[in-house]
Amino acid sequence: MKKKQLISNCLVYSFLFIGALYTLFPLFMALMNSLKTNGELLTNVMSLPQQLHAENYTRTFEKMKYFRSLGNTVLLAGVSVTLIILFSALAGWKLCRTKTKLSRFLFGLFVFSMLIPFSSIMIPLYKVTLVLHMKNSLFGLSLVYAGLGVSMAIFLYHGFVKGIPIELEESAGIDGSSSLQTFFYIIMPLLKPITTTICITNVLWVWNDFLLPLIIISNNKKYTLLLSTNTLFGQYSSDWTAILSALILAAIPVIIFYAVFQKQILKGIAEGAVKG
Amino acid sequence: MKIKKGWYALFTMPLMLIFIIVVVIPFVIGIGYSFVTWDGFAKHQADFVGFSNYTKVFRDERFLRAALRTTIYTLFSVLSVNVLGLIFSLIVTTALKVRNFARTMLFVPYLIGGLILGYIWKSVFSEYFLSIGWGNWLTNATRAMIAMVVVTTWQMAGYVMIVYITGIMAIPDDVLEAAKVDGAGYFQTLFKIKFPLLMPSFTICLFLTLSNCFKVYDVNVALTGTGPNYQSEMFSLNIYNEIFDLSNFGYGQAKAIIFFMIIAVITLIQVSITKKREVAM
C-alpha cells in the first residue's frame with residue numbers, strides 16, 4: 001500500500017513538474033533573454049546572461065511611452081467596466097423582476113447579441129464610430145466596450161437576481177422605500193459577488209483586447225499598452241532583446257493585478273465561465 | 001410615479017442607446033453590406049449584387065482553406081486544452097502540499113493576453129528553435145499549426161482547469177467516501193463517479209474552448225501571422241485581411257455573416273445540451 005502511494009506521488013509530482021516547466025519556461029526564457037545582447041541571444045539562447053543588460057528595458061520603456069500607454073489602458077478599462085456595471089446591474093434586476101412582453105423581448109435581444117462574434121460586426125461598427133467621431137477617443141472606445149459588454153453582464157445579473165428572494169424587496173416597498181432606493185440600498189449590496197465577477201472578467205477582457213483598439217485608435221498618444229507594444233514589433237523586427245523586454249513590460253501590470261487579487265480573480269473567472 | 005419613471009429612464013436610456021449604436025445598428029448594417037460590392041470609401045459607389053458575395057465565398061480557395069485549417073486547429077486545441085486542464089484540475093484537488101501554489105501558477109498564462117503570449121512563443125519557435133538547430137517552425141505549415149495548438153493549450157489549460165476544479169469541489173464527499181468503502185480504486189472512482197458527475201463541467205469547457213478557438217485572432221496575428229502563401233491564416237484573420245488589406249468590404253462582410261452563423265449554431269447546440277443535462281440532473 002505504501003509503495004503504491006509512493007509511486008502515485010512520484011507520478012503526480014513529475015506531471016506537475018512538467019506542467020510547471022511548460023507554463024513557466026517561455027516566461028522565464030523571455031525574461032532571461034531580454035537581459036542579453038542580441039549577439040548573445042543568437043549564439044546562446046539557453047544560457048544565463050553573462051551580464052545584465054538592463055538598457056534593453058530603458059530603451060523600450062521610452063519607445064513604448066510606457067506610463068502614458070499604461071495610463072490610457074487603466075483609464076480605458078476603468079471607465080468601460082464602470083459603465084458596464086452602472087448600466088447592467090439596474091437593467092438586469094429590472095428585467096428579471098418585470099414580467100412583461102417588452103422585458104422578455106429585451107432580455108432575449110441581449111442574449112441573442114451574445115451570439116455575435118466581434119469579427120461579424122467589426123466593419124459596420126468601425127463605420128459607425130467614424131460617423132459619430134468616436135475614432136481616436138478613449139472615451140468613445142470605452143462606450144463601445146460598454147455596448148459590447150452589457151449583454152453578458154445583464155445576463156449574469158439576471159441569473160443572479162433570480163436567486164434573491166423577492167420578499168426582501170416587497171417588504172422594503174411596504175416600509176416605504178421607493179424602488180430605486182430599494183435597488184441601491186438593498187439589491188446592489190446583495191449583488192456584490194456577481195459584481196466582482198463581472199468586474200474581473202471585463203477588466204481582463206478590455207485589458208487584453210487587441211482588435212478593437214487596433215481599428216479604433218490610430219493616434220499614438222491614445223495608444224493602449226498592447227498597441228504600443230505591437231508597434232514596437234514593426235520597428236524592431238528582429239531585435240528580439242528589445243521585443244522581449246517590451247513583452248515583459250507589457251505583462252507586468254496584469255501579473256501584479258493577479259498577485260493582489262488572486263483569490264477574487266480565480267473565483268470570478270470560474271463563476272463567469274460556469275454561469276455564462 | 002412620474003419621478004420614478006424619470007429615474008429609470010436616466011439609467012436605461014443611455015444603456016439602450018449605446019447598445020443600439022454599438023451592437024444592433026452595426027449588425028443590421030452588416031447584413032446590408034454583405035449584399036453589395038464596396039471598397040469602403042464613402043464617396044465610391046456600392047453596387048447591389050444580391051447573394052453573389054455568398055456564392056463567391058464557396059469558390060474562394062484561400063477562404064475555404066482558412067476555414068478548414070481553423071476547424072482542424074480547433075479540434076486539436078479543444079482536445080489538448082481539455083485533457084491537460086482536466087489532469088491539472090485532478091492533481092491540484094488532491095491533498096498535495098503545493099496545490100494552491102500550483103493552481104495559481106498554472107492559471108498565469110490565461111491572464112497574459114493572446115497578443116503578448118503569441119509573441120513570447122514566437123521567440124521560442126523561431127529564434128530559440130533556430131539557435132538549437134531545430135529550424136524555424138513557423139515557416140512550415142504543419143509545424144506552425146502545431147505551434148498554434150501548443151500555444152493555445154498553454155493559454156487555456158489553466159482556464160478550463162479552474163472550471164473543472166469548481167466541478168470537482170461540488171462533488172459531495174459522502175459519494176466519494178461511499179465509493180471508497182465499497183472498495184473502488186482511484187481509476188474506478190474517477191471513471192465511474194467523478195466523470196459522470198463532471199458532465200456539466202465538460203459541456204461548459206468543451207464549448208468555451210470550441211468557440212474561443214474558432215474565433216482565434218490575437219494568437220494567430222502574433223505567432224504566425226498570415227504566413228507564406230497564406231498557410232497559417234485562420235478564419236478571423238482572413239475576414240480582417242479581406243476587409244482591411246484588400247478593401248473588399250461587402251465580400252468580407254459576407255464572410256463575417258457566415259462566421260456569425262457558425263458561431264451561433266455552435267452556441268445554440270451548447271445551450272440546448274446544457275439545458276437537457278439540467279433537466280436530467
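Biologist: Is B:Ala95 buried or exposed?
Modeller: B:Ala95 is exposed, at 75% relative accessibility. Buried means under 20% relative accessible area, exposed means over 50%, and partly exposed is in between (1.4 Å probe, protein chains only).

Biologist: What should I know about the conventions of the model?
Modeller: This is a predicted model, in which local features need pLDDT of at least 70 and side-chain atom pairs count only at pLDDT 80 or more, while totals for chains, interfaces and linings use all residues. Residues are numbered from 1 along each chain as its sequence is written, chains are lettered from A and ligands numbered from 1 in the order in which they are written, and side-chain values use heavy atoms, leaving out hydrogens and water.

Biologist: Where is B:Ala95 found?
Modeller: B:Ala95 is in the loop between helix H3 (61–92) and helix H4 (99–111) of chain B. Helices (H or I, at least four residues) and strands (E, at least two) are DSSP runs, numbered from the N terminus. From C-alpha to C-alpha, B:Ala95 and B:Val216 are 36 Å apart in space, and 121 residues separate them in sequence.

Biologist: What about B:Thr209, buried or exposed?
Modeller: B:Thr209 counts as buried, at 0% relative accessibility. This residue is part of helix H9 (residues 199–214) of chain B.

Biologist: Which residues is B:Thr209 in contact with?
Modeller: Setting aside neighbours within four places in sequence, B:Thr209 is in contact with B:Val78, B:Val81, B:Asn82, B:Met156 and B:Val160. Contact means heavy atoms within 4.5 Å.

Biologist: Switching to chain A, at what angle do H4 and H9 pack?
Modeller: Helix H4 (residues 66–97) and helix H9 (residues 179–190) of chain A pack at about 105 degrees, and their axes are 12 Å apart. The axes are lines fitted to C-alpha atoms, for helices over the stretch in contact, and angles run from 0 to 180 degrees between N-to-C directions. H4(A) and H9(A) are therefore roughly perpendicular to each other; the classes are roughly parallel under 35 degrees, roughly antiparallel over 145, roughly perpendicular from 65 to 115, and oblique for the rest.

Biologist: Which residues make that contact?
Modeller: H4(A) contributes A:Ile85, A:Ala89, A:Leu90, A:Trp93 and A:Lys94, and H9(A) contributes A:Ser179, A:Leu180, A:Phe183, A:Ile187 and A:Met188. By class, there are eight nonpolar residues, one polar and one charged. Ala, Val, Leu, Ile, Met, Phe, Trp, Tyr, Cys and Pro count as nonpolar, Asp, Glu, Lys and Arg as charged, and the others, Gly among them, as polar.

Biologist: How many residues has the largest nonpolar core?
Modeller: The largest nonpolar core has 181 residues, and A:Phe110, A:Leu191, B:Phe107, B:Phe125 and B:Leu223 have the most contacts inside it. Such a core is a set of buried Ala, Val, Leu, Ile, Met, Phe, Trp, Tyr and Cys residues joined through side-chain atoms within 4.5 Å. Helix H13 (residues 240–275) of chain A gives the most to this core, with 17 residues. Domain 1 (2–55) and domain 2 (60–275) of chain A both give residues to this core, so it lies between them. The domain bounds come from an automatic or database domain assignment.

Biologist: How far apart do the C-alpha centres of those two domains lie?
Modeller: The centres of domain 1 and domain 2 of chain A lie 34 Å apart. Nine residues from domain 1 and seven residues from domain 2 form the contact.

Biologist: Finally, what is the phi of A:His133?
Modeller: A:His133 has a positive phi of about 55 degrees although it is not a glycine. A:His133 lies in the loop between helix H6 (118–131) and helix H7 (138–162) of chain A, and is exposed at 69% relative accessible area. A:Asn136, in the loop between H6 and H7 of chain A, has a positive phi near 65 degrees and is partly exposed at 22%.
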